[in-house]
Amino acid sequence: MSLYPSVPRPQGVATAAGGRVCPAPAAQGRLLLKGGHLVDPKNGREGPFDLALEGDRVAEAAPHIDPQPGDRVVDCRGLLVLPGLIDMHLHMGDLFEVSTAPIQNAVCHGVTAAFTPGAGNTFMAPALFGGEFDRGLPLSGGCYLGAASLLACQLDDDELTAYFAGDLPWDTALQKLSRAPLTAATGALVMGVKDHMGHLILSDAQIERLFAVTSRARLLLMSHTQDPAHAERMAALSKGRPLYLGHASAAGCGTHAGGAEGMRRVLALCRQPNVTGELVSSMLRPGRGNREGLRIDPQAQALCFEALAEGTVSILCSDGQGDCTMKGFGDTRDNLPAILELAENGVLPLSRAVATMTKNPAAYLSEITGVPFFAEKLGQLGAGAWANVVLCDQGAKRAVCTIVNGEIAAFEGRCVRSGAGAGRFLSHLGEAHPFGVGNLPLWDRAE
C-alpha cells in the first residue's frame, strides 16, 4: 500500500517522491556557440559569429542567432571558434604505445579527424582499426597501408585496383590476398599507402607498382621524408603522378644531410605540381621540436616559414603522438600553438594559418581521391558540413572544447564519455559509417 496519494503517471515521464510529476524534458534542439571569434577559411568568415550545430551538421553561422527552446548554449566569448583540426599523419595506438591514450589526447588537443600510418600497416589494418570504431572512438579517421605489405601479396596491379574499389571477386581475394574474410572484405576502407624507408627500401620496379596502383585506385601515396636523396628518388619515379611527402620538415633535422641543405632539396621537390609536402607542427615552434626526438635546424626552420608564406607547403601535421622513443617527431599538443604562432609571428594571416589543418588537407583529400565529400564536409563550418569544431583559448594556445560530429568529445583537456562513439571511419571513397564487423556479410559471401 502506497503512503503517497495516487497521481496519474504520464507515460514515459518519471515521477518524484511525494507524487509530484517531473516535467517532461524539452526536445533537444541545437548546440549554439555564441559570442566567439569564428575563423572559417573555406567560407571566408573571420570575426564575431554565432554558430548553430544541429545534430551532426552545421546548421548556420551568423553575426547573431537567437536561442530557441531546447537549444544548448555555450558561451564562447573570448574564444576562437575554428573548424575541427584534420591531422593527415597521426600515429594512433601503434608502435607499442600501450601505456598512453594517443587518440584521446589528440581529441583533447582539437583534432577531430586523423589518418594513421601505423608501423608497417598490413592489409589487416582497416579491419583492426574498424574494430576500434565498433567499440567507439571520439574522432573520425582512417588508415594507410604499408607499401611493403601491398607488394607482398599475389594480386596483380589490376586486381589490387579492383580490391581497393571493393570490386575484387571474393574467391580471388581469399586465394591471392588472404584467407581472412575481414581482410578480403575491407579494401575499400583504405585511405592510402605509406612508403617508409625505415621499414624497407623498395626497388625501382616496386616503387613503379606503388605509383601505378595508387594513382589508378585514387589512393594517397605518402613517403617517409627524412633523407632528401630518398625523397628525390621517389619524386623522379613518380613521373608526374601524385606524391605526398610525409613530415617533410624532418629533412631539415640534419640526420642525412645538412639541415638547411636537406630542407632546400625537399622544398624544391614540393614546388613540382604533383608533389605535396607536410610540415610537423612541433618543428615550427620556438623549441624547434621535442627533445625526446628530432629537432629541426634553425636555418631549416626559417626555410619552412618561407615555404609556408609563399604557398610551397600549405599542410601541417603532428606525426604524433610523441610518447614512443622510436618516433619523437611531433605531438598533437603542438598543433594549435604552432598555428597561432604562425599568425602571431607574421608568417601567415590567421585564416591561412588555420587553413593548414582544416581547409587545405580536406581539399587535398578531395583532389587525390576525386571524392568531393572531403572538401564539402570536413575542414569547414559552412551549412551542411560535419559539425566538427574546436573552441580555442588564443592566449593559452590550447583547446577548451572539441566537438566531433555534433558531440562534445573533450572539454578543458579531458575527454567526455558521451563523445566516445562520435567518430566515423573515413576511406578514399568517403565516409564508411556505420562500420561494423558484424555488418559485413562475410559468411554469406564465403558460402
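Reader: Are Tyr 244 and Tyr 364 buried or exposed?
Author: This is a predicted model, in which local features need pLDDT of at least 70 and side-chain atom pairs count only at pLDDT 80 or more, while totals for chains, interfaces and linings use all residues. Residues are numbered from 1 along each chain as its sequence is written, and side-chain values use heavy atoms, without hydrogens and water. A residue is buried under 20% relative accessible area, exposed over 50% and partly exposed in between, with a 1.4 Å probe and protein chains only. By that rule, both Tyr 244 and Tyr 364 are buried.

Reader: How many aromatic pairs does the structure hold?
Author: Rings of Phe, Tyr and Trp (its six-membered ring) make a pair if their centres lie within 6.5 Å; the pair is stacked with planes under 30 degrees apart, edge-to-face over 60 and tilted for the rest. Counted this way, the number of aromatic pairs is nine.

Reader: Of what kind is the pair of Tyr 244 and Tyr 364?
Author: The two ring centres are 5.2 Å apart. Their planes meet at 35°, so this pair is tilted.

Reader: How many residues apart in sequence are the parts that this tyrosine pair ties together?
Author: Helices (H or I, at least four residues) and strands (E, at least two) are DSSP runs, numbered from the N terminus. Tyr 244 belongs to strand β11 (residues 243-246), and Tyr 364 to helix α13 (residues 359-369). The pair therefore joins parts whose separation in sequence is 120 residues.

Reader: What is the geometry of the Phe 373 and Phe 374 pair?
Author: Phe 373 counts as buried because its relative accessibility is 13%, and Phe 374 does so at 0%. Their rings are 5.2 Å apart centre to centre, with 75° between the planes, and the pair is edge-to-face.

Reader: Which residue lies over the face of Trp 386?
Author: For a charge to sit over a ring, NZ of Lys or CZ of Arg must be within 6 Å of the ring centre and within 35 degrees of the ring normal. At 4.9 Å from the ring centre of Trp 386, the residue is Arg 424.

Reader: How far apart are the end C-alpha atoms of helix α7?
Author: The expected span of a helix is 1.5 Å times one less than its number of residues. Helix α7 (residues 204-217) has 14 residues, so it should span 20 Å. The model agrees with this, as the end C-alpha atoms are separated by 20 Å.

Reader: Which elements cover the buried residues of α7?
Author: The buried residues of α7 include Ile 207, Leu 210, Phe 211 and Val 213. Their cover includes α3 (147-152), α4 (157-165), β9 (192-195), β10 (220-224), α8 (228-238) and β11.

Reader: How many disulfides does the structure hold?
Author: A disulfide is a pair of cysteine sulfur atoms within 2.5 Å. Cys 401 is buried because its relative accessibility is 3%. The closest cysteine sulfur to that of Cys 401 is in Cys 76, 7.8 Å away and so too far for a bond. Across the structure, the number of disulfides is zero.

Reader: Are Lys 239 and Asn 405 buried or exposed?
Author: Lys 239, in the loop between α8 and β11, has a positive phi of about 50° although it is not a glycine. Asn 405, in the loop between β15 (398-404) and β16 (407-411), has a positive phi near 50°. With a relative accessible area of 62%, Lys 239 is exposed; at 6%, Asn 405 is buried.

Reader: What is omega for the peptide bond from Gly 320 to Gln 321?
Author: Gln 321 is in the loop between β13 (315-317) and α11 (335-344). The bond from Gly 320 to Gln 321 is cis, with omega near -10°.

Reader: Which residues does Gly 322 touch, not counting those up to four places away in sequence?
Author: Gly 322 is in the loop between β13 and α11 and counts as buried because its relative accessibility is 2%. Its C-alpha atom is 8.0 Å from that of Glu 292, 30 residues apart along the chain. Taking contact as heavy atoms within 4.5 Å, Gly 322 touches Glu 292, Gly 330 and Asp 331.
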